[in-house]
Number of protein chains: 2
Amino acid sequence: MSKESTESAVRVFEVGPRDGLQNESEILPVEQRVQLIERLIAAGSKDIEVGSFVHPRWVPQMAASDEVFQQLKPRDDVNYWALVPNMRGLDRALDVGATHLAFFISASETHNYKNLNRGISESLDELREMLTIARDKGLTSRAYVSMVFGCPYEGDIDFGRVMDISATLIDMGTDMISLGDTIGIGKPLQVRRDCKRAVDTFGVDHVALHLHDTRGMGVTNAMVAYEAGMRCFDSSVGGIGGCPFAPGAAGNLGTEDLLYLMDSLDADTGIDVAQISKIAAWLEQEAHITIPSRCTNYLQSQRNDI
Amino acid sequence: MSKESTESAVRVFEVGPRDGLQNESEILPVEQRVQLIERLIAAGSKDIEVGSFVHPRWVPQMAASDEVFQQLKPRDDVNYWALVPNMRGLDRALDVGATHLAFFISASETHNYKNLNRGISESLDELREMLTIARDKGLTSRAYVSMVFGCPYEGDIDFGRVMDISATLIDMGTDMISLGDTIGIGKPLQVRRDCKRAVDTFGVDHVALHLHDTRGMGVTNAMVAYEAGMRCFDSSVGGIGGCPFAPGAAGNLGTEDLLYLMDSLDADTGIDVAQISKIAAWLEQEAHITIPSRCTNYLQSQRNDI
């Protein structure tokens, strides 16, 4: 179901309903989350991370992700992705019939401990089990490697370590690595060099870039990564997902900002930027989430500017 | 006084006190404008557009620019720039002893009419007179050519026309052309190609790029222009200068966003990004101007996040 990686085709992986919403202080009811996903599909999104099977005590925004899954109409041309933190989460995801699974691990030992309460090597052991189950059941998977360009606890991250972890995960059977600039600290020359290395090593269909726009470098890093050969990008509608303690702070790279860039490069995403921007405006009005996307702020100001 | 264009030295031309403030609905008193400029100098700014000699009926934000000039301490290492729209404005600028003059013209015939009530050719005639006076008095000048990458009235702009107007202005004696992406519509491949052409033709010391971040492409366009050889960039502290009718809409490329990019490229600007960000926060608190700069929003959220 994955889009062919012709030179100009770009796969946009929508993480707003999961990575976006889970970092907002507003908690959306199931009905609104389903509506958000339906709107994204109408705009052209084909890969959507629709929920997370973490314990609701830790991430109340993602509670009832099973209900979200159950309410979504199965579609041949859309991949609904489930974030799975551990074996228990995997069981829950399988219970609702999830066919596309996203796992995660950190390239920073300290962050991995803080986030998952275990070291990288233990995480890899559990991932091996989970990926074996996924493969045996014929399911599709991706694995986020986070903090690939820097970590708030460890500072610089050796990209060699990122490559080693990624190679291990691909050996274990995951279909795609998503390189996570979790705190938006990647610098263009670094992003260009490291993305080229990952694409050249693992192949263009097996690597994605997951950018955050924390310091305003998201679009620039997407540009240099695209020119380095990257053809799959994660983004969130409206750029939601900023820190809940800093309203208006940027979160994930905004889908509309990414689309505006890709349109300007004549890269074909199959998604309509104006539609995505309208969904962001709807989120702001209905769910009271501040939308940091510059592109949406521009497009919506134009609509009100008459 | 201009910084030598070694490979990594970048000249940052601060337009916040003029292009920024003149597009904000808040009108700052002279005292606050002078304070803003003094703070910019303390952060390392060497080229600052401090006011405009347009009629205050049209731009009340720039009223009393002569007082701003008179209150600024002369400094050998700082260029205070005056925006001059016409002969009457030139007289006023000369009266306060301005030594650095910025003129403007549009690459769009329609925009030139709307902005200056005359065609490009008539504007060039008046510019010839003004540039002759400036040269005779040994003053330094730059000329903005606006709408170089597109125009809200005419759509696409032939960059050949931009080159012709620029060549004419350089023949007339101006020291530098500033290529204005007035509505922030430039696309990276276009900006890369056209900036290379301008730098190759006029020389690196005679061209600047004046970006607006309307659609979130400011940093990306600065990146590709830098790699195409551009070494002078206009920007405004905080990214102020958005449309007065759309609060929060992006204005000029934010100085701190530009500096963050340049620092990441190991390009030397001589200006401190953290200081600029603090000035933006001060502007927000003291002058109630919404700061769109992503970099400042991040840096300031970190300061409040303890």
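Reply: What follows is a short exchange on a predicted model.

Me: What makes the strands β1 to β8 of chain A a barrel?

Reply: The 8 strands close up in the order β1-β2-β3-β4-β5-β6-β7-β8, with parallel pairing. On average, neighbouring strands are turned by 25° against each other, direction ignored.

Me: How do you know that β2(A) and β3(A) pair?

Reply: Pairing takes at least two bridges. Strand β2 (residues 47-52) and strand β3 (residues 79-83) of chain A are joined by 5. They therefore count as paired, and they run parallel. Within this pair, E49(A) stands opposite W81(A).

Me: Which strands does helix α8 of chain A touch?

Reply: Helix α8 (residues 188-202) packs on the sheet against β6 (176-181) and β7 (207-211) of chain A. Its direction makes about 155° with that of β7(A).

Me: Why are α9(B) and α10(B) called oblique to each other?

Reply: Helix α9 (residues 218-227) and helix α10 (residues 255-264) of chain B pack at about 40°, with axes 10 Å apart. Roughly parallel needs under 35 degrees, and roughly perpendicular starts at 65. The pair is therefore oblique. The crossing is right-handed. Among the contact residues are A222(B) and M223(B) of α9(B) and L258(B) and L261(B) of α10(B).

Me: Which residues have the most contacts inside the largest nonpolar core?

Reply: A82(A) and A82(B), in a core of 180 residues. A82(A) touches residues including V50(A), F53(A), F69(A) and L101(A).

Note on methods
Residues are numbered from 1 along each chain as its sequence is written. Chains are lettered from A and ligands numbered from 1 in the order in which they are written. This is a predicted model: local features need pLDDT of at least 70, side-chain atom pairs count only at pLDDT 80 or more; totals for chains, interfaces and linings use all residues. Helices (H or I, at least four residues) and strands (E, at least two) are DSSP runs, numbered from the N terminus. Axes are lines fitted to C-alpha atoms, for helices over the stretch in contact, and angles run from 0 to 180 degrees between N-to-C directions. Two residues are in contact if their C-beta atoms, placed from the backbone, lie within 7 Å. A nonpolar core is a set of buried Ala, Val, Leu, Ile, Met, Phe, Trp, Tyr and Cys residues joined through C-beta atoms within 7 Å. A residue is buried if 20 or more other C-beta atoms lie within 10 Å of its own, exposed if 12 or fewer, and partly exposed in between; C-beta atoms are placed from the backbone. Angles under 35 degrees count as roughly parallel, over 145 as roughly antiparallel, 65 to 115 as roughly perpendicular and the rest as oblique. A crossing is left-handed if the near helix is turned anticlockwise from the far one by less than a right angle, and right-handed if clockwise. Lists of a residue's contacts leave out its neighbours within four places in sequence.
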